[in-house]
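Here are my notes on the model you sent over.

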Amino acid sequence: MTRLPPRARLAALAAAVLLVLGGGIYVLFLRGGGDDPVVEAGSRFGSEDARGGGGTLLDTLAPVLSARVQSRRTGSDPAAPSEDELRRAPGDAVAGLLLVGFRGTLRDASFFKRLAARPYGGVLLTIDNYQQPQQLSGLTSKIQEVARTARHPAPLVAAQQEGGDFSAFPNLDPLSQVDVGAGNSDQIAASARRAAAQMKALGVGMNLGPNADIAVAGGPGQGRAFADSPEKVTSAVKLSVAEYNEAGVATAVGPFPGDGAASQDPNAGPSPVGLGLDDLRNGDMTPFAAVARGRDAAPAMQMSNAIYGAFDTVTPATILSDAVKELRGRLGFDGAIVSADLVATTATTGGSVGEAAVAALKAGVDLLLIPGATAQQDEAYRDVVAAVRSHAIPAGRIVDALKHIAKVRALTREAREPVRPE
């Protein structure tokens, strides 16, 4: 057989890699007739054996995917403005603090017009935005392309992907935290590893998870949390965060300081937690303390909408400075702090979303989660801009928040460009 010259051999090798990558991703993420995606031999996407092994075509392609260091279709990561710059023109900086949701899929052109007009810090995707993996990769690619074309900073793309009923993308990994927590450490790590790889390949750089609650009987964590003991939950959270960090996908561990003993889901309405401060510190806060600092620290944490007897029994933790000080001060956390759903916060406060957004920033929160309607997002934006201009929120507080968010952007840079067949 004739031996090809060096350049021809290199071209052939490149073509083969592209063929395998494109075809593999197509097979990997293509749904079959049922609810589960189809992979080689028809196995369920993300399946594993009893030892926590298994794997998918994505595992084989991981070295190729990890080599995609920087996307040409994403926006930049500018430095945070100075306080003087922010005082003169706070609008874009304030937009960079908002993590906003929307309804619809790739065909919803109205959201992309808003994204082009305002440099939002992040976009939250939910089950309402999801049809199948291929559609999701197209959506995340479109988000980044719109921002880049408008010369905006690259937005974080986030989703709550805890597993089971608490996932934005229900037929992707991980399994429910209850099922994962029942396994050994290898299985817990493998589940997080697969989930992080899938999210990264699909262009989703931040997971609003894992949930670090303790599964107290009758509490919000029952049927949702990893386990019913602080020790087991702490171990599972540490293993999960380490795997996500390794993949370059940010976790926002929450809800701090823990909802396990709440009377109901705090996003459904007022939810008191009657534990004293010592009980919280020795129990519910333990998983958060384990990933607050050090080599495998979580890059972000999310606050709770519950109200705590350990603090003032009235104010949701997400807008309570004492709760944020506990996280920043005693636990030494220096990452980004994400608010709870600020639309849900108003069910407890009785105020507006704009008031909740201002209060959260004053308390020390960095990234404001507003998955509601356009009017609520606009209200929050206007109220925060007004508070900065009136000096009700110091310019330095906004600069500090943007610096924390910038660290998350840096970690998730490679996750901006979804892998998809042309």
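1. First, a working rule for charges and rings: a charge sits over a ring if NZ of Lys or CZ of Arg is within 6 Å of the ring centre and within 35 degrees of the ring normal. Bear in mind too that this is a predicted model. With that rule in hand, look at R118: its charged end sits over the ring of Y381, 3.8 Å from the ring centre. K142 does likewise with F112, its charged end lying over that ring at 5.8 Å from the centre.

2. On to the overall picture. The chain is built from 16 helices and ten strands. Of its 422 residues, 54% are buried. Take the contacts between residues at least 6 apart in sequence: 74% of these join residues at least 24 apart. The accessible surface of the chain is about 17600 Å², and carbon and sulfur atoms account for 52% of that.

3. F112 turns up again in the packing of two helices. Helix 5 (residues 109–117) and helix 6 have axes that come within 9 Å and cross at roughly 35 degrees. On the helix 5 side the contact is made by F112, L115 and A116, and on the helix 6 side by L139, K142, I143 and V146. What is the make-up of this contact: how many residues are nonpolar, polar or charged? There are six nonpolar residues, no polar ones and one charged. F112 also belongs to an aromatic cluster, together with F102 and F111.

4. Now the aromatic pairs. Searching the whole structure gives six of them. One is Y130 with F169: the ring centres are 5.0 Å apart and the planes are at 50 degrees, so this pair counts as tilted. It links distant parts of the chain, the two residues being 39 apart. Y130 is in the loop between strand 2 (122–125) and helix 6 (133–149), while F169 is in the loop between strand 3 (156–159) and helix 7 (177–181). Both Y130 and F169 are buried.

5. Y308 and F311 make another pair worth a look. Why is it called edge-to-face? The planes of the Y308 and F311 rings are at 75 degrees, with the centres 6.2 Å apart, and planes over 60 degrees apart count as edge-to-face. Y308 is buried, as is F311.

6. Check the cis prolines when you go through the backbone. D173 and P174 are joined by a cis peptide bond with omega of about 5 degrees. P174 lies in the loop between strand 3 and helix 7, and that loop is also where F169 is found. The bond from G254 to P255 is cis as well, with omega near -5 degrees; P255 is in strand 5 (residues 250–256).

7. T313 has a phi of about 65 degrees, and its place is in the loop between strand 8 (307–308) and helix 12 (321–330). Is T313 buried, partly exposed or exposed? Its relative accessibility is 49%, so T313 counts as partly exposed. For H391, phi is near 70 degrees. H391 lies in the loop between helix 15 (374–389) and helix 16 (395–411), and at 57% relative accessibility H391 counts as exposed.

Terms used:
Residues numbered from 1 in each chain as written. Predicted model: local features only at pLDDT ≥ 70, side-chain atom pairs only at ≥ 80, totals over all residues. Heavy atoms only, no water. Phe/Tyr/Trp six-rings, centres within 6.5 Å; stacked < 30°, edge-to-face > 60°. Helix = DSSP H or I, 4+ residues; strand = E, 2+ residues; numbered from the N terminus. Buried < 20%, exposed > 50% of the residue type's maximum accessible area, 1.4 Å probe, protein only. Axes fitted to C-alpha atoms, helices over the stretch in contact; angles between N-to-C directions. Contact = heavy atoms within 4.5 Å. Nonpolar A, V, L, I, M, F, W, Y, C, P; charged D, E, K, R; others polar. Areas by Shrake-Rupley, 256 points an atom, 1.4 Å probe, with all protein chains shown as cover.
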